[in-house]
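Here's a quick briefing on a protein model, meant to be read with the structure open. Have a look at it first, then run through the notes below.

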Amino acid sequence: MVDGSDSVDAVGAVSCTNYRRASRVYLPGRVCSEPGCETVLSIYNPEDRCSRHAIVAGSTRRRRNRSLPKAS
Ligand SMILES: [Zn+2]
């Protein structure tokens with residue numbers, strides 16, 4: 001009865017969900033996709049860009065929003 005091929009897939013979802021998440025890494029040696037930026041990304045960084053150029057969802061702050069007192 002215990003075949004071990006088809007039934008494993010359904011039962012296997014009970015455990016080791018945590019383990020899978022932790023082991024999710026990306027290719028080492030990736031570089032920020034921003035032109036001119038050569039920052040090497042962490043293997044844990046899911047983004048294509050470094051922290052400086054990463055587009056943060058939720059906080060859409062514009063640098064231009066500040067009105068500069070002095071216009072050079
Ligand atoms: Zn960058």
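Predicted model: local features only at pLDDT ≥ 70, side-chain atom pairs only at ≥ 80, totals over all residues.

Residue numbers start from 1 along each chain, following the sequence as written.

**Overall picture**

- The protein's secondary structure amounts to two helices and zero strands; helices (H or I, at least four residues) and strands (E, at least two) are DSSP runs, numbered from the N terminus.
- Of the protein's 72 residues, 3% count as buried.

**I43: location and partners**

- You'll find I43 in the segment after α2.
- Setting aside residues up to four places away in sequence, I43 touches V25, Y26 and P28; two residues are in contact if their C-beta atoms, placed from the backbone, lie within 7 Å.
- I43 and R24 are 19 residues apart in sequence, yet their C-alpha atoms are 8.9 Å apart in space.

- V25 has 11 other C-beta atoms within 10 Å, so it's exposed.
- Not counting residues up to four places away in sequence, V25 touches I43 and Y44.
- V25 and N45 are 20 residues apart along the chain and 7.7 Å apart in space, C-alpha to C-alpha.

**Y44**

- Y44 lies in the segment after α2, with that helix spanning 17-22.
- Y44 counts as exposed because it has 9 C-beta neighbours inside 10 Å.
- Y44 and Y26 are 18 residues apart in sequence, with 6.1 Å between them in space, C-alpha to C-alpha.

**A54**

- A54 has its place in the segment after α2 too.
- Buried, exposed or partly exposed: which is A54? With 16 other C-beta atoms within 10 Å, A54 is partly exposed.
- Leaving aside neighbours within four places in sequence, A54 is in contact with E47 and R49.
- A54 and S33 are 21 residues apart in sequence and 9.5 Å apart in space, C-alpha to C-alpha.

How values were computed: Buried ≥ 20, exposed ≤ 12 C-beta atoms within 10 Å, placed from the backbone.
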